[in-house]
Amino acid sequence: MRPEDLLRHPLPTQTPKLTLGCSLLDRLLGGGIPCYTITEIVAESGTGKTQLSLQLLLAAQLPVSRGGLSASSLYLHSEFPFPFRRLHQLSLFYKTDLPHDPLERIFVQTLQSADHLLDLLPRLDFLLPKLNIKLIIIDSVAALFRGEFENTPLELKRRSSMFFKISSKLRFYSHKFGLAVVLTNQVVDVMQSSDNLRIGNSAFFCSSGRRVCAALGLSWANCVNTRLFMWREEERVGEDCESFERMQTRRFIRVVFAPHLPDSSCEFVIRREGVLGCIDDNGQRK
Amino acid sequence: MEVSTLPISASHRGKLISSGYTSLSSLSSVSPSRLSQDLKISENEAVEILKVASRRSGSEKIENGNHAIMNGAQTAWDMLREEESSVCITTSCSDVDVILGGGIRCKEVTEIGGVPGIGKTQLGIQLAVNVQIPSGYGGLGGKAIYIDTEGSFMVERALQIAEACAQDMVEYDNLLRKDSQACRVIKQPKAFLENIFYFRICTYTEQIAVINYLEKFISEHKDVKVVIVDSITFHFRQDFEDMALRTRLLGGMALKLMKLAKQFKLAVVLLNQVTTKYNEGSFQLTLALGDSWSHASTNRIILHWNGDERYAYLDKSPSLRSASAPYAVTGKGIRNAAPNCKRVKLM
């Protein structure tokens, strides 16, 4: 490996991107999930991270002309159980677009811990080109680190060290094979009184009426290139005949930080066909 | 009387002594024209006398008109004149340029640190584009080296910023109704991209190899005027079993970069991350890589949030006072913050 080989000149004028399967969401992301970088989706449980991940697993198999990567996907999950039934249901909507059975091009591996992930990553050198994998999703990164590290400075330092090791390896393979890497992360509650460290486009984020921020802290925030935040709100839509309040869940996604995107957000819904962006009553994407 | 021992003609010797040149040291700092005036001899003869004197005193050479005592030394006067005439790289935000004394300086290492999402990469890309502004518009007309360790460089964003820069130059032209051809060099956004030498590195060994290789690369590409490393920290925050090795590697890197800046008269910009330091019972934000690394840079700028605004704070500079300035990250790149914000705040 000579230093001259590390020079990429001239630069390509476009980065390949993976569609999210919805044109509105793609517009939010400037075309889709970019390859060669790490994108993180932060959300509370039940907001739609896994739904969106499953959609990406299928979208990756679409031809490049349709915004896909024409390749297989790898799904590493640390949260159980694996949503097989939902994946199967979603895949029915893609069967017409793909000549093969979409489920055959999705590879799944469970992760027990962060060490397990580190052990697994070197095997990617061999697996990725062999299986033509161009998308890796890790759902979720936070679960790998929960409960394993004590709250002492030494342990936190060790944990932080692991973040950089994992991120470094993921970035290496992402660059070497042109992968899109998507990680999901959980949220933690933020106490009102503490000095909240602001990371990204908003001083604080709310989900389900509580102030939250991304799990894993400041060190981990340095390990991803793009961070997206999904949240949900309960909205009162009126009273029904027995004067009970009727509530509706609304879901939103927002760019927290990204090297190529402005601060913008979009409402979305989860339908049988998948996660779809929606336009508000004024006809504008919010 | 050392002059009397010089192997020169008796008449010259006599003239030297009567004019007051009695020692070799007095001859080491006089120019031939001055000597010929004093002794009323031709300049060629004066040069001959000085040559003999220098050979005798053992110094390597006496430069004509140059009062240098040693090779490579410069008088402070020359340095001041050089510094005053040097051009800085603008950040496209005039408030930030003001606190930086014009912009990012050449021949110096500037470190820029901040939390994720504050705009470090944006500023890096803006500088890589702005260094290419032709001298007719007040820029350096140079090229950039961008060393990307994290994969944050997005070509689409670089093209967007380059297009805005080209647009600004067109507006400047229209404003001043400049008709001269020399200023009409409006670049296409893609041309800006061609002048950025992009290195993507994935391990700390690659990082060190590239930084060591830069000397050779820049000697072959003399128009490179800025080296941006985004970020200098990332690969060094992993576990190093041997921390002494890490300190040595970082120290070596810092020295190499300082030497590059001075040798090729270019600006070195290092983007750094922040971490929390436990200090007297509370957590403080500080730049990563520790205290010994903080000596590596000549200037340090910290980017931070103040409410909903982004601020750049000049933390370390050899000649400027600490000051803070707001800036904004827009579709066009780094620009001044909206007008209703406070202006430059001096500390």
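The following paragraphs treat the interface, then the pairs that cross it, and then pairs within single chains.

The model is predicted. The size of an interface is often given as the accessible area lost when the parts come together. Between chain A and chain B, about 3700 Å² is buried, and carbon and sulfur atoms give 62% of this area. On the side of chain A, the residues that lose the most area to chain B are A:Leu6, A:Leu11 and A:Arg198, which together make up 17% of what that side buries. The contact draws 39 residues from chain A and 42 residues from chain B.

Polar interactions also span this boundary: twelve residue pairs are in polar contact between chain A and chain B. Strand 1 (7-8), helix 7 (153-177) and helix 8 (217-221) of chain A are the elements that each give two or more residues to the side of chain A touching chain B. Helix 7 of chain A supplies the largest share, eight residues. By class, that side of chain A comprises 18 nonpolar, 15 polar and six charged residues. Strand 1 of chain A also pairs with strand 3 (residues 196-200) of chain B, in the antiparallel sense and over two bridges. There, A:Arg8 stands opposite B:Tyr198.

Side chains of opposite charge can pair when their charged atoms come close. Two salt bridges are found across the interface of chain A and chain B. A:Arg198 pairs with B:Asp308, with the closest N and O atoms 2.7 Å apart. A:Lys17 and B:Glu156 also meet in a salt bridge, at 2.9 Å from N to O. This pair runs from strand 2 (residues 17-18) of chain A to helix 8 (residues 155-176) of chain B. A:Lys17 counts as buried because its relative accessibility is 17%, below the 20% limit. B:Glu156, at 22%, counts as partly exposed.

Over all chains, the structure holds 24 salt bridges. In helix 7 of chain A, A:Arg158 and A:Glu155 lie three residues apart, about one turn of the helix, and their closest N and O atoms are 3.2 Å apart in a salt bridge. A:Arg158 is partly exposed, with a relative accessible area of 36%, whereas A:Glu155 is buried at 18%.

In chain B, the side chains of B:Lys216 and B:Glu220 form a salt bridge of 3.5 Å, N to O. These residues are four apart in helix 10 (residues 204-220) of chain B, so about one helical turn separates them. B:Lys216 is partly exposed at 47% relative accessibility, and B:Glu220 is partly exposed at 49%. Elsewhere, salt bridges with shared partners join A:Glu44, A:Asp189, A:Arg210 and A:Arg232 into one network.

Terms used: Residues numbered from 1 in each chain as written. Chains lettered and ligands numbered in written order. Predicted model: local features only at pLDDT ≥ 70, side-chain atom pairs only at ≥ 80, totals over all residues. Heavy atoms only, no water. Contact = heavy atoms within 4.5 Å. Buried area = accessible area lost by both parts, 1.4 Å probe. Salt bridge = Lys/Arg side-chain N within 4 Å of Asp/Glu carboxyl O. Polar contact = N/O pair within 3.5 Å; in protein donor to acceptor, adjacent residues only side chain to side chain. Nonpolar A, V, L, I, M, F, W, Y, C, P; charged D, E, K, R; others polar. Pairing = 2+ DSSP bridges. Buried < 20%, exposed > 50% of the residue type's maximum accessible area, 1.4 Å probe, protein only.
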